[in-house]
Amino acid sequence: MESLAQLEVLCERLYNSQDSAERMHAENTLKCFSTNIDYISQCQFILDNALTPYALMLASSSLLKQVTEHSLSLQLRLDIRNYIVNYLANRGPELQSFVIGSLVQLLCRLTKFGWFDDDIFRDVVKESIKFLSQATSDHYAIGLRILNQLVSEMNQPNPGVPSSHHRKVACSFRDQSLFQIFQISLTSLHQLKNDAMSRLQELALSLSLKCLSFDFVGTTIDESSEEFGTVQIPSSWKPLLEDLSTLEIFFDYYALTKPPISKESLECLVRLASVRCSLFTNDATRTKFLDHLISGTKEILRTGQGLADHDNYHEFCRLLGRFRVNYQLSDLVIMDGYSDWIRLVAEFTSKSLLSWQWASSSVYYLLGLWSRLVSSVPYLKGDAPSLLDEFVPKITEGFITSRLDSAQAGLPDDISEHPLDNVDLLQDQLDCFPNLCRFRYESSSMFLINVMEPILQIYVEKAQLQTGDTSELSVVEAKLAWIVHIIAVIVKIKQCAGSSVESQEVIDAELSARALRLVNVADSGLHSQRYGEISKQRLDRAILTFFQHFRKNYVGDHAMHSSKQLYARLSDLLGLHDHLLLLDFIVRKIATNLKCYVESEEVIDHTLSLFLELASGYMTGKLLLKLDSVKFILLHHHKEHFPFLEEYRCSRSRTTFYYTIGWLIFMEDSTILFKPSMDALLKVFMTLESTPVTMFRTDSVKYALIGLMRDLRGIAMATNSRRTYGLLFHWIYPHMPILLRGISHWADTPEVTTPLLKLMAEFVLNKSQRLTFDTSSPNGILLFREVSKLLVAYGTKILTLPNVTDIYSFKYKGIWISLTMLSRALAGNYVNFGVFELYGDRALADALDIALKMTLAIPLADILAYRKLTRAYFAFLEVLFNSHNVFVLNLEANTFIHIVGSLESGLKALDTGISSQCASAVDNLAAFYFNNITMGEAPTSTAAINLARNLAECPRLLPEILKTLFEIVLYSDCGNQWSLSRPMLSLILISEQMFTDVKAQILASQLADQHERLSLCFDKLMADITRSLDSKNRDKFTQNLTIFRHDFRVK
């Protein structure tokens, strides 16, 4: 760098330039500061002399990257640490906020990484106190920022650092420093209470929140979720938590401050309300704590202070919701202010329900609290009144009314905003509602029925009109959708304590009857022309959800006998006197949806999901086969009856549809249903077979092929036994030439090749040992020959095609499916592969050759970048090295070295499945070397000679793999240590010198004073290990490795 001025100009461009090329040039020029250790002194020079904040930012961020990614010496890290502390003390107040933030992060990263290396690193809290004790507010702010960042750093795992090491540091920090930091935050809050500096108040509050949010016991809370369990604060914090001024300071700050500071006060209270019960000395102290919580929340409820701000409001709802985590109803009712508090919470809940546009999802925290209170009523002892009888019915009615009001007002049809579109989320949110409804079920159900009846009557009347007001109908359908979702979630939970089963069943029947009546209305008259309307689709999805929940409790032999009251009432109301009639009713609705919805994928998928649930249930599946409506579907599953099959956008749904049909076809032991049900697919095959070769590249053939492949894959997925698979095999095998013709003509069209290859990948999968042919049957060999033909046809064509922009969809996807298909065929254990070579059949050799060519055509970086491709590639290599290692060993040297080298990359994969596959492949290779070369007199077979020659050309290949295996076991949290131990022993036994060299390299990377202890660890690793790869010796090595790993990692 010629001058500091030039560097400052480049930094300005790096952080501020609008020109991407200019930014890229600056980034490449300045990259050396963050990648080259020799530039660390240059970074210090920049910090000392640069004038612009961007140059300072470059120096700070570069040092952070150096510290994070490189193993710097202890003395160098100490020097950087001391320099940064002094720099912040001397120049901190004059620096830009973002520069201070970067320097503070650097200091905290150094502290975390050096926590066990030197006691000086642990003095960072003392250093922060020095900042806090200085006269200027700027120094005070820096001190608080250091502590904030330190708690965050210690709580957050770092990429590349084993989680066990992270937890070790975090636990040590928790025990030694976190309590002191929390005390500092509280002291600061008291000192700053009357201070006008809101910036300092916010930093102090943020520090308290970070301390209370610390992962005390290593549960790795999902930060994307607002929910967490009990806060496991250490026992040493007890005096501070039992001191009621701790709670009061956060309530005071809420009252004194404005958002966002007030919101953080509430967040701290949310966590304090969730503190584990066992922390308190006795019930009396816990009761005092609860009393203060109730008093504080009661005051906010009474005055409504700060709740006009949406963030405050949401956080306050969470705070009230947290009462259900630690406190039972019996704890609450004995409190002096309970009656006032519960009345205020009820009023607050009712107001929130009325303000549905504003409250949105916040109200579900309140419903969760009421649900928990209600469920505790049966366990309530003593005479203290709960007052729930007075408030819960009003809240239940208020919730129902609010949902209908939201429908009346009409929410935007944007799918990301409308609550009725995300059915799964909606049902989760409504989970707490059944307890409220069933608390006073008679009155709640009567209210729901009285609300629904007039709306349903309007809907009935509208059905009889020729035309209608679309917007008015949409509102009616939205209201009905809400009501049906509420009924669905009520019947999901069959009963609650507090009333008889029989009476609750009768009410369930009353509500269900209304939902069932609606089904017939929704598909009649004017409404039968509205399947394209979003509101109609939402209503039908609500009905499907109702069916899903209802059938789990009330359909099936057991349910029939235990639900006599329900069916008796349904018989009176609708004539549905048993579950067979009810199933027929559901199936007819399924058939109607599949017939009438052509363009709504969501409704089609939801309908098929319900159909599959019914078919795959043992009892319901058997019952379905008794229904004429199901028999009709099994014999008429073509586009004339189900137009969605012709809609290309719904083509994925075809597989689910035929999977369900397959379940039903194969449920009976006889073959009566199979052939008639397959007639429609047979006609498609016959049409394709009669199509001239010259006409095979037409759209009609293309879509026929796509549909047929998806349909057959669904049927194939449903074959789970030797009998059912045999039926399909004998039916489909004569038509295999069509698959070959399809892949040959359409190899450049992924829309065709993907479903075709996926069908074959499913067809060759030997799940549940379904591919078990007779000893005299050639079917296994015939099937593999078809696989080979398809693979060669596809691979030959795809390799000649030029690359396109979306290379994954165009090439890589087809290649990984092909590799999966071949791997499954090779590992299926239904083909004797020796037959091919014996009789001069090239099927196996050709399949392996083309598969290898396809893998070599993809750069390793791309293989590792696409998850599905990665899995298919390494699964293929595992099968190759396990059963066909002679093929690998006879490869040309560069190819062999590339493949074995890629195994090392796979070992480092985060996915333990991939890592284990690679370990198995390496073990098979090393075991072959050990048995045929190390222990043999001299390599005699061609494969052994080739292996020896290839490894001689690249002598570092196996040592690097052994070193990688040791590093994974020692430095990362591998969940597959058993799998990794297998190739480690095989490699160690190949060559003692290789093991000695790797051992020396690992020791060299450790501190000098640890060498003697670690060397003893290595010696113990090989204790009682013989030069053998028998299972007993392997198990002994695995045990030694576990002890070795533990001893090595002890500081």
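This is a predicted model: local features need pLDDT of at least 70, side-chain atom pairs count only at pLDDT 80 or more; totals for chains, interfaces and linings use all residues.

Along α6, the buried residues are Arg 77, Leu 78, Ile 80, Arg 81, Tyr 83, Ile 84, Val 85, Tyr 87 and Leu 88. These buried residues of α6 pack against α4 (40-49), α5 (53-69), α7 (97-113), α8 (124-132) and α9 (137-155).

According to UniProt, in an unreviewed entry, the feature "domain: Importin N-terminal" is placed at residues 26-90. In the model, that span of residues 26-90 is 82% helix and 0% strand, and its end C-alpha atoms are 30 Å apart.

How many disulfides does a search of the whole structure find? The search finds 0.

| Cysteine | Nearest cysteine sulfur | Distance |
|---|---|---|
| Cys 268 | Cys 211 | 9.2 Å |
| Cys 918 | Cys 974 | 14 Å |

A disulfide would need the two sulfur atoms to be within 2.5 Å, and Cys 268 is in no disulfide, with the sulfur of Cys 211 at 9.2 Å. Cys 918 is likewise in no disulfide, with the sulfur of Cys 974 at 14 Å.

Are these two cysteines buried or exposed? Cys 268 is buried, with a relative accessible area of 0%, and Cys 918 is buried as well, with a relative accessible area of 1%.

How values were computed: Residues are numbered from 1 along each chain as its sequence is written. Side-chain values use heavy atoms; hydrogens and water are left out. UniProt positions are given in the numbering used here, feature names are shortened, and annotations may be inferred rather than shown by experiment. Helices (H or I, at least four residues) and strands (E, at least two) are DSSP runs, numbered from the N terminus. Buried means under 20% relative accessible area, exposed over 50%, partly exposed in between (1.4 Å probe, protein chains only). Contact means heavy atoms within 4.5 Å.
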